[in-house]
Amino acid sequence: MESTDIQQRIKKFKAFGESLTGATVYFRADWNVFYFDLQGKMFGLMNHQAENQAMITLKNLPIVNEELREMYPETILPGYHTNKNHWNSIKLASLDLDDEAIQFLIQRSYQLVYQKLTKKQQAEIH
């Protein structure tokens, strides 16, 4: 995959994360990544530069993470710099998962973090 294609994916996934109610996606300089934030809680990390090793790291249920790693061993890895049970890193240069599949996983990560928020925090979002 060309770096321009990876850059397009990065832009698309950043915009998708920002479209989720109450979410913000911003560049976090201390980690050198785009940080997907919901009420101060992380629901994703993504490289900001279009390079072959660029990844997006997302939360999911441990059993689902294991299944995804088995289905896509070249594309989905245990979460980079995160809890390996709860987070997976997905290579953006791979076309094993299309954009819609990754957007589904972004939304799933968002939902898991949303569910852990207090009722007050959830009410502030809506």
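This is a predicted model: local features need pLDDT of at least 70, side-chain atom pairs count only at pLDDT 80 or more; totals for chains, interfaces and linings use all residues.
Side chains of opposite charge can pair when their charged atoms come close. Four salt bridges were counted in the model.

Asp99 takes part in a network. Salt bridges link Arg9, Lys12 and Asp99. In the pair of Asp99 and Arg9, the N to O distance is 2.7 Å. This pair links distant parts of the chain. Asp99 belongs to helix H3, which covers residues 99-116, and Arg9 belongs to helix H1, which covers residues 3-19. The two residues are 90 residues apart. Both Arg9 and Asp99 are buried.

Asp99 also forms a salt bridge with Lys12. Here the closest N and O atoms are 3.0 Å apart. Lys12 lies in helix H1 and Asp99 in helix H3, so this pair ties together parts that are 87 residues apart in sequence. The relative accessible area of Asp99 is 18%. This value is under 20%, so Asp99 counts as buried. Lys12 has a relative accessibility of 36% and is therefore partly exposed.

Glu18 is partly exposed, at 37% relative accessible area. Lys14 is partly exposed as well, at 23%.

Note on methods: Residues are numbered from 1 along each chain as its sequence is written. Side-chain values use heavy atoms; hydrogens and water are left out. A salt bridge is a side-chain nitrogen of Lys or Arg within 4 Å of a carboxyl oxygen of Asp or Glu. Helices (H or I, at least four residues) and strands (E, at least two) are DSSP runs, numbered from the N terminus. Buried means under 20% relative accessible area, exposed over 50%, partly exposed in between (1.4 Å probe, protein chains only).
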